[in-house]
Amino acid sequence: MESWEQRLVEFLRRGQRDRVQFLDGLKNSVLPMQLRRIQQNDKTVLKELVLPAWLDWDLLYEWSLHHAGPLKGRECILCNRNAEHGHFYNDKFICEECLLNVKGL
Ligand SMILES: [Zn+2]
């Protein structure tokens, strides 16, 4: 299986720089929650995303794994931000910051 970088190089070799740029900018248009669903192979997320025809599920899935690094942690149900530290309540994640806010009320 080829690495993600090789894929991008292959696009460039074929003169498809726009594809590389699209994939690069994709992380700005996909919400953390959607990214996680892609990583979980949940194809229903496709209904919420506007993607070009050349971007098939396998490529999108690979893309999501490649971007798993910076987005580690969980999405907080209160502020929708990704956080590494927090607590689970009934399987729902609340980040440390929100937790402090809630306790402060
Ligand atoms: Zn939060």
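Let's start in a loop: Asn41 sits in the stretch between α3 (32–39) and α4 (57–66). Bear in mind as we go that this is a predicted model. What makes Asn41 worth a stop is its backbone, with a positive phi of about 65° even though the residue is not a glycine. As a rule, most residues other than glycine have a negative phi. Is Asn41 buried or exposed? Asn41 counts as exposed because it has 10 C-beta neighbours inside 10 Å, and the cut-off for exposed is 12 or fewer.

Now hop along to another asparagine. Asn80 is in the loop between β1 (74–75) and β2 (82–83). Asn80 also isn't a glycine, and its phi is positive at about 65°. There are 11 other C-beta atoms within 10 Å of Asn80, so this residue is exposed.

Reading from the N terminus, the order of elements is α-α-α-α-β-β-β-β-α.

As for burial, 10% of the 105 residues count as buried. Contacts give another view: among those in the chain with a separation of 6 or more, 28% are between residues 24 or more positions apart.

To finish, zoom in on one strand residue. Phe93 belongs to β4, which covers residues 92–95. Which residues does Phe93 touch, once its neighbours within four places in sequence are set aside? The contacts are Arg74, Glu75, Cys76, Ile77, Gly86 and Phe88. Pick Ile77 from that list: Phe93 and Ile77 are 16 residues apart along the chain, and 6.1 Å separates their C-alpha atoms. Even with those contacts, Phe93 counts as partly exposed, because it has 17 C-beta neighbours inside 10 Å and buried would take 20 or more.

Definitions and conventions. Residues are numbered from 1 along each chain as its sequence is written. This is a predicted model: local features need pLDDT of at least 70, side-chain atom pairs count only at pLDDT 80 or more; totals for chains, interfaces and linings use all residues. Helices (H or I, at least four residues) and strands (E, at least two) are DSSP runs, numbered from the N terminus. Two residues are in contact if their C-beta atoms, placed from the backbone, lie within 7 Å.
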